[in-house]
Amino acid sequence: DQPPGIQRENPWNGQSFLDLYFVQKHTAVTWEKAVPLGGEVNGPFHEGPAVFSSDGRTMYFTRSNYYTYRLQKDRDDVSHLKLFRATLNERNEWADVREFAYNGSDFSTGHAALSADGRVLYFASDRPGGIGGSDLWRSVNNGDGWGTPENLGPTINTPGDELFPTVVGEALYFSSTAHQNMGGLDIFVSNREGTGWAEPKNMGYPINTRFDDFAFTMNSDGKSGYLSSDRTGTDRIHQFFVQEPVFMVEGLVFDETGNEFMPNTQVVLTNLQTDSDTSMITANDGKFRFRMDPNSRYRLQVSHEGMLSETREISTEGMAASKLFSEEFRMKPVEMNRSFVVENIYF
């Protein structure tokens, strides 16, 4: 508890200072009551984003730079953020709080993220040596403590601000005021590429909006997750569910003039990677429709007795958004005693 008279409101917005809480999921969309984390982590000022080791017993969290009940400020009267580590004791309380060795009093360090093996600590900081305002950095632990922070470089960092990193497998999610931005802070994703990072990709709507969209995490199932955003007017946590993209190909088969539908035409869709076929026969309306898998190449072939067969190739490779492909075929009759060029022969 804090002494009487200590201010519990953030002077910037009149809201309460932030603490770390725990909440248990009840159903897919309902939750138990949120309770503060027990132990020594919550204090009189801000405790912010936190990340946990894979065994759930070590936590890295962001905290305002304060001593007892007084904020510590630099010569410009600015109080910066610092990164701390805490461990879970036998009473299930967070204790043994220790400061990150590379914190500073003249710059902020926070928003920790951990690699799956716990050996790489990512964080945001406006420390000297960066590219923009706040950059993303990393520190590697080879068994003898955290090493000197390394800037993630100009592919990730910009002259703007990069904040709130999260690591999911080989993917790095973070928010930025720059890159290809929709407004405010947007959430981006980049994947490991050799020893560096691929060009960050904007997650797009509805993950991002013209408001600030920042902290992002994906559940282990890869099909749901959470993000923080002020799109409703205040900072809130939002849950999202990933919808798998749907790919369809549909079309019509006509005669050569395009005036008559061609019923009883065989249409075969072949997955060129699995060599599996799906086929159908057109009805009186000459229509066909197939569903396709993501990241796949297909051959579409139409055949009719007395007509020249025709084939086309379709690909869903690299597509993240649902798409309907439309194809139209005009069947040409086979002409006897006439030479012609045969294309697209498949063996």
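Predicted model: local features only at pLDDT ≥ 70, side-chain atom pairs only at ≥ 80, totals over all residues.
Residues are numbered from 1 along each chain as its sequence is written, and side-chain values use heavy atoms, with hydrogens and water left out.

**Exercise 1.** Work out why strand β4 (residues 58-64) is largely enclosed by the rest of the structure.

*Solution.* 
- Start with the terms. Strands are DSSP runs of E, at least two residues, numbered from the N terminus. Buried means under 20% relative accessible area, with a 1.4 Å probe and protein chains only.
- Next, recall the pattern. In a regular strand the side chains alternate between the two faces of the sheet.
- Take one side of β4: T58, Y60, T62 and S64 are buried.
- Conclude. Seven of the seven residues of β4 are buried, so the strand is largely enclosed by the rest of the structure.

**Exercise 2.** Find how strands β3 and β7 pair with β4.

*Solution.* 
- Apply the rule: two strands pair if DSSP finds at least two bridges between them.
- Strand β3 (residues 47-52) runs antiparallel to β4, with four bridges. In one of them, V51 is partnered with Y60 of β4.
- Look at the link. β3 and β4 form a hairpin with five residues between them. In the turn, G56 has a positive phi of about 75°.
- Strand β7 (residues 81-88) is also antiparallel to β4, over seven bridges. Here T58 has T87 as its bridge partner.

Definitions and conventions:
Buried < 20%, exposed > 50% of the residue type's maximum accessible area, 1.4 Å probe, protein only.
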